[in-house]
Amino acid sequence: MILDILSNIVLVIGLFFVFLAMLGLARLPDVYNRLHATTKIGTLGAFGVMLSILLKVGFSAMGVKALTVALFILVTSPVAAHMISRAAHRHGVGLCKESVIDEYGKACDAACPVPKEDTIQE
Amino acid sequence: MKRYFAYSAILALVWCFVHGTVSINNFIVGLIIAPFVIRPFKTLYPFNLDFSFSNAVKKIPAQIKYLYVLVVEIIKANIMVAKIVLQPKIDIKPGIIAVPIDSKTDIGITAIANTITLTPGTLTIDVSEDRQVLYVHAIDATDPEGVAQSIKDDLEKYTMEAFE
């Protein structure tokens, strides 16, 4: 009974954070800021949903699978964010116009000096 | 050969968890399949590293402490991003900054990079060729030295203890 209530509470918290991640995906200005929203909040959101399953069914086959999925998400989502942002920067996707500093761009230009237009988007 | 068996046992345990029931049958099936997974990706597994069991056990308290710090930081990160997203007008000053790191080993750099991504306001983009600098995207990049200092003091201390 208590576990059921706890499971529902965790599920609502998780879903709320997933909702916030989607809101952030729509509202934030460029690809890097959007990745902030989706990786961090998405991790806790998915974790909440999986934890809720675990609390509801206990350590049965489904519960153990949910726990495994949660741990895999925790390990893989930063790697996915790193690959997406790196690929985006290498491909020339600029930072949003509020950006104040880009030391990675400078380091890339120093490593392979090619004439390149301003990377900050208008 | 011994190394092969050790990695196979770990993968077999993972297979048990993915299947959902930890039983001797599943473990043996995992043990049979595991070498076919390890062989093509042999470079990813540290085969020529000397490994001591007592050393690994000694690191467990540091790793538990690191997990605790990680959970606290993840919750803080979520609340911070939630605040930014729910503001009526989004007012941020993002940027990419270079953060020097002390970690030397592959696993140490991976751990610090993933930890940075899961903690408030920062996202790892790349590691430099000489593996001494991480390029980190920060939501609030008005104070680059402050961000670098906080990463060094709050996070790298724990990952160095736990994984190096």
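Let me start with the packing of two helices from separate chains, α2(A) and α4(B), in this predicted model. Helix α2 spans residues 31-57 of chain A, and helix α4 spans residues 60-86 of chain B. Their axes lie 9 Å apart and meet at an angle of about 130°. The crossing of α2(A) past α4(B) is left-handed.

Which residues form this contact between α2(A) and α4(B)? On the α2(A) side they are His36(A), Ala37(A), Lys40(A), Ile41(A), Thr43(A) and Leu44(A). Across from them, α4(B) contributes Ile74(B), Ala77(B), Asn78(B), Val81(B), Ala82(B) and Val85(B).

I would draw your attention to Ile41(A). Leaving aside residues up to four places away in sequence, Ile41(A) touches Asn78(B), Val81(B) and Ala82(B) in chain B, and Phe17(A), Leu20(A), Ala21(A) and Gly24(A) in chain A.

That brings us to the nonpolar core. The largest one has 53 residues, and within it Ile41(A) and Val136(B) touch the most other members. Helix α2(A) supplies the largest share of this core, namely twelve residues.

Finally, the annotation. An unreviewed UniProt entry lists residues 6-25, 37-55 and 61-81 of chain A as "transmembrane region". How much of residues 6-25 of chain A is helix, and how much strand? The stretch is 100% helix and 0% strand, with its end C-alpha atoms 29 Å apart. Residues 37-55 of chain A are likewise 100% helix and 0% strand, and there the end C-alpha atoms are 26 Å apart.

Note on methods:
Residues are numbered from 1 along each chain as its sequence is written. Chains are lettered from A and ligands numbered from 1 in the order in which they are written. This is a predicted model: local features need pLDDT of at least 70, side-chain atom pairs count only at pLDDT 80 or more; totals for chains, interfaces and linings use all residues. UniProt positions are given in the numbering used here, feature names are shortened, and annotations may be inferred rather than shown by experiment. Helices (H or I, at least four residues) and strands (E, at least two) are DSSP runs, numbered from the N terminus. A nonpolar core is a set of buried Ala, Val, Leu, Ile, Met, Phe, Trp, Tyr and Cys residues joined through C-beta atoms within 7 Å. A residue is buried if 20 or more other C-beta atoms lie within 10 Å of its own, exposed if 12 or fewer, and partly exposed in between; C-beta atoms are placed from the backbone. Two residues are in contact if their C-beta atoms, placed from the backbone, lie within 7 Å. Axes are lines fitted to C-alpha atoms, for helices over the stretch in contact, and angles run from 0 to 180 degrees between N-to-C directions. A crossing is left-handed if the near helix is turned anticlockwise from the far one by less than a right angle, and right-handed if clockwise.
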